[in-house]
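I opened my notebook to go through this structure piece by piece and to write down what I looked up. My plan was to take one topic at a time.

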Amino acid sequence: MMGADGRMDAPIDRNDHQVCFYPSDHALAETVAGFFASGFEAGGAVVAVVTPAHRALLAESLAARGVDVGALRASGRLVELDCDETLDRLLFGGAPTWRLFEEVFSETLARAERACARGAVRAFGEMVDVLWQRGDLAAALELERLWHRLLRGHGVPLLCAYRADVVGERRPDSLERLLAARAHVVPSAANLADAVERALADVIGPGEAENLAPLIAANQIPGPRLARGEAVIFWLRRNLPHRVPAVMARARAILLSAL
Amino acid sequence: MTNGFTILLVEDDAGDRELFRHALGRAGGRAQVCEAHDGEQACEYLAGRGRFADRVRFPMPDLVLLDLQLPRRSGFEVLQWARSQPHLKQLPILVLTSSSESKDIDRAYSLGANSYLVKTIDMDALSQMVKGIAEYAALVARDRSR
């Protein structure tokens, strides 16, 4: 869950599996650093499977929050695995297998658990996104399933990040594809819901948007609970698809003007 | 909200049909509501067959509200059939059911439902939802007439 400043600060449940869509590296670093920092503050540890570029960015964001990254690495409370290398270890014939997955992560999680005197372990991964960006949706979804299976046993909350601009036009199917992940979707931007709702009102009229709001709120969605902004976008894509470009363009303008 | 739009309510329970009409009246909606009382009748209506061939009395709806548990043909079967008909592929079909089971939600969306709504006995909540449905139907009708 995000705080008003866009950081993921609120407590999350053990076994919780969350997904965030990020439009930029900066947005990713802010969200993930918040997820890590609240775990460290509680005395916990983090296992992160990251790309080298994001590893550096995350370290910067954590340091900006006053987190001593070097000390956490040295104590074993921050375990970073390279995304591509780890994927190579998990894939057999192009698909992740449970045996290899468990081999890599059971011991890693156990080590992280031993490193923290109190608190719990959190996990963050980009491997699913890497597979997804390669166009290998089947392997991506299988990897999500394996994460679920592993984390159920360990009681570890997981955050997965996907590079997808939910108000962008390049990947209009982003949300629906990821619904299969059975995760909770955290807001892509702290003010996304307001921006999308304002944009909808601008495009179809304020009275019309107000009347539609309870219908959109009542709509049941397959898979994860969506944050409010994403839920509106999901509804629009299925119910008023020809209005989506105008609403998204307006939402982008509102979000940009707020920067 | 604009006038001149039609909702097809596919619902076998007379009480639920009455509740919907009452909520629509309470919400100030002035849609023309046509009814089908089972799944087979819904297909006949949408195909314009039999007594539903008279499109003056039974106009093509701008939106369908579809229950899932129906006699003769289930709501899922109606959905599947409707999405296989070229002229009905774009027709908004909103499931309105008492089931909140995820397998039903998944199946309804995979068969082409636009929205999935769960019935409520809370009259205020129902009125708000129905007001939204009427607004949506009006928007659809307005967009189509452009």
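The entries below record what I looked up in this model, which is predicted.

**Entry on the sheet**

I began with chain B, where I found an open sheet of five strands in the order E2-E1-E3-E4-E5, with parallel pairing. Which strands stand at the edges of this sheet? They are E2 (32-36) and E5 (115-118) of chain B, and each has a single partner strand, so one side of each is left without a neighbour in the sheet. I also noted that neighbouring strands here are turned by 25 degrees against each other on average, direction ignored. As a reminder to myself, strands of a sheet pair through backbone hydrogen bonds, either parallel or antiparallel.

I then looked at one pair in detail: strand E1 of chain B, residues 6-10, pairs with E2(B) in the parallel sense over five bridges. One residue I followed across this pair was B:Ile7, whose bridge partner in E2(B) is B:Val33. Across E1, E2 and strand E3 (63-66) of chain B lies helix H2 (residues 39-47) of that chain, which runs at about 130 degrees to E2(B).

Two packed helices are described by the angle between their axes and the distance between the axes, and I wrote down both values for each pair.

For helix H4 (residues 83-90) and helix H5 (residues 98-115) of chain A, the axes come within 8 Å and cross at roughly 135 degrees. H4(A) and H5(A) are therefore oblique to each other. In this contact A:Thr86, A:Arg89 and A:Leu90 of H4(A) meet A:Leu100, A:Phe101, A:Val104 and A:Phe105 of H5(A), and by class I listed five nonpolar residues, one polar and one charged.

For helix H10 (residues 206-218) of chain A and H11(A), the packing angle is about 100 degrees and the axes are 10 Å apart, which makes H10(A) roughly perpendicular to H11(A). From H10(A) the contact takes A:Leu212, A:Leu215 and A:Ile216, and from H11(A) it takes A:Ala231, A:Val232 and A:Trp235. Sorted by class, these are six nonpolar residues, with no polar and no charged ones.

**Entry on a pocket**

Last, I turned to the second largest pocket, which has a volume of about 450 Å³. How many residues line the second largest pocket? I recorded 20, of which B:Lys89, B:Gln90, B:Leu91, B:Pro92 and B:Asn114 lie nearest its centre. Helix H11 (228-239) of chain A and helix H5 (123-145) of chain B each supply at least two residues of this lining, and the largest share, four residues, comes from H5(B). By class, the lining of this pocket has nine nonpolar, five polar and six charged residues.

Methods. Residues are numbered from 1 along each chain as its sequence is written. Chains are lettered from A and ligands numbered from 1 in the order in which they are written. This is a predicted model: local features need pLDDT of at least 70, side-chain atom pairs count only at pLDDT 80 or more; totals for chains, interfaces and linings use all residues. Side-chain values use heavy atoms; hydrogens and water are left out. Two strands pair if DSSP finds at least two bridges between them. Axes are lines fitted to C-alpha atoms, for helices over the stretch in contact, and angles run from 0 to 180 degrees between N-to-C directions. Contact means heavy atoms within 4.5 Å. Angles under 35 degrees count as roughly parallel, over 145 as roughly antiparallel, 65 to 115 as roughly perpendicular and the rest as oblique. Ala, Val, Leu, Ile, Met, Phe, Trp, Tyr, Cys and Pro count as nonpolar, Asp, Glu, Lys and Arg as charged, and the others, Gly among them, as polar. On a 1 Å grid over the protein atoms alone, a cavity is a set of points where a 1.4 Å probe fits but cannot get out, and a pocket is an open set with protein on both sides within 12 Å along at least five of seven lines; lining residues have an atom within 4 Å of a point. Grid points are joined across faces, edges and corners, and a volume is the space filled by probe spheres set on the points.
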